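Open the model in your viewer and keep the selection tool ready. We go stop by stop: select, look, move on.

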Amino acid sequence: MTSRRVQEDEQALISLAKGGDADAFGELVWRYRDTVYTLAVRLVGPDLAADVAQEALIRAWRAMPRFRGEAALGTWLHRITVNTAWTMRKRAARFETQQLDESVFDGAIDHATGPEKAGEMIEVRAGLRAAIEQLSPGQRAVLVLRDVYGWSHAEVARELGITHTTAKVRLHRARKRVRVLLEEGL
Amino acid sequence: MSRIICKIANAVPDGSRLAPLFDRHREQCLRCQADAVRLRGVSRDLSGLETEILAAPGGLHTQVMATLPIQDASNPRRPLLIRVVARWATGIGVAVATLAAIIGRRSRRS
């Protein structure tokens with residue numbers, strides 16, 4: 001299927017889901033479940049990620065009639081996931097110091113790199129993941145959204161309910177902490 | 001002295017109001033430049049994580065579909081907005097109470 005067909009297909013599914021078609025929404029959940037779950041893992045760790053992903057997708061269903069298509073569905077779902085993770089962060093705080101289970105990433109699907117480059121990246125990525133896990137929830141959220149997902153400072157601040165300046169300061173501190181952790185070999 | 005300036009300069013995030021004050025120092029200081037390069041490297045490595053997608057647990061789809069509530073067009077940001085408003089309201093409440101206490105104490109003295 002070409003990307004245009006997929007896009008048209010997705011538009012049709014969105015229209016149906018907005019009208020209350022659970023089957024159409026189910027297809028969208030099937031398409032986006034991995035990306036929503038991945039973001040949740042990065043924000044709250046693997047133990048709570050499934051709960052956050054589930055809650056985010058349920059919130060998305062409830063809010064579906066509000067979706068105006070100004071952003072891509074994936075972006076909208078990411079925003080809801082961030083909101084969900086952030087509002088569930090008190091529970092998430094319990095996992096703050098927990099190390100990320102490496103086995104979670106064993107089945108990671110990398111769509112952008114070939115197998116020859118993948119080997120080189122494994123070590124770097126494992127280090128980064130471990131370093132991210134050692135950040136406070138606030139720093140982790142800002143770093144993941146800005147540096148991993150490329151959100152703007154304004155988007156990060158809006159979605160986390162913090163000021164622009166706070167977002168910048170947290171990002172700066174988070175980057176420095178990650179760098180120190182990587183240099184110290186964690 | 002230079003090390004102290006480096007530490008202060010490195011503590012200031014890019015794009016902040018204080019950042020321009022350290023521009024000249026950063027342009028001349030090799031230590032700060034090396035630090036900036038390392039930070040950019042971390043940022044670049046982190047951006048590579050975006051392509052790494054984890055497989056969601058097998059039961060996620062089923063669980064979501066089994067617990068779909070009635071569609072009510074509720075704002076998905078509502079819980080966060082409530083939290084932000086509550087935080088601000090608490091802050092304002094504390095400030096007003098403190099002010100009232102100070103004014104009350106002063107009026108009792110006079």
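Stop 1: Select A:Arg31. A:Arg31 is partly exposed, with a relative accessible area of 28%. Here buried means under 20% relative accessible area, exposed means over 50%, and partly exposed lies in between (1.4 Å probe, protein chains only). The term stands for a side-chain nitrogen of Lys or Arg within 4 Å of a carboxyl oxygen of Asp or Glu. Helices are DSSP runs of H or I with at least four residues, strands are runs of E with at least two, and both are numbered from the N terminus.

**A note on the model.** This is a predicted model: local features need pLDDT of at least 70, side-chain atom pairs count only at pLDDT 80 or more, and totals for chains, interfaces and linings use all residues. Residues are numbered from 1 along each chain as its sequence is written, chains are lettered from A and ligands numbered from 1 in the order in which they are written, and side-chain values use heavy atoms, with hydrogens and water left out.

**Stop 2: across the chains.** Select B:Glu52 and A:Arg125. Their side chains meet in a salt bridge, 3.9 Å from N to O. B:Glu52 lies in strand S1 (residues 52-53) of chain B and A:Arg125 in helix H6 (residues 115-133) of chain A, so the pair joins two chains.

**Stop 3: one more pair, then the count.** Pick A:Glu133 and A:Arg140. Their side chains form a salt bridge of 3.9 Å, N to O. Both residues are buried. Now select A:Asp9, A:Glu10, A:Glu27 and A:Arg31: salt bridges that share partners join them into one network. Over all chains, the count comes to 17 salt bridges.

**Stop 4: two packed helices.** Show helix H2 (residues 22-44) and helix H7 (residues 137-148), both of chain A. They pack at an angle of about 140°, with their axes 8 Å apart. Axes are lines fitted to C-alpha atoms, for helices over the stretch in contact; angles run from 0 to 180 degrees between N-to-C directions. H2(A) and H7(A) are therefore oblique to each other. Angles under 35 degrees count as roughly parallel, over 145 as roughly antiparallel, 65 to 115 as roughly perpendicular, and the rest as oblique. Next, select A:Leu39, A:Arg42, A:Leu43 and A:Val44 in H2(A). They meet A:Arg140, A:Ala141, A:Val144, A:Leu145 and A:Val148 in H7(A). Contact means heavy atoms within 4.5 Å.

**Stop 5: a glycine.** Select A:Gly74 in helix H4 (residues 73-87) of chain A. A:Gly74 is buried, with a relative accessible area of 17%.

**Stop 6: whole chains.** Colour by secondary structure. Chain A has nine helices and one strand. Chain B has five helices and one strand, in the order α-α-α-β-α-α. Buried residues make up 50% of the 186 residues in chain A. In chain B, 29% of the 110 residues count as buried.
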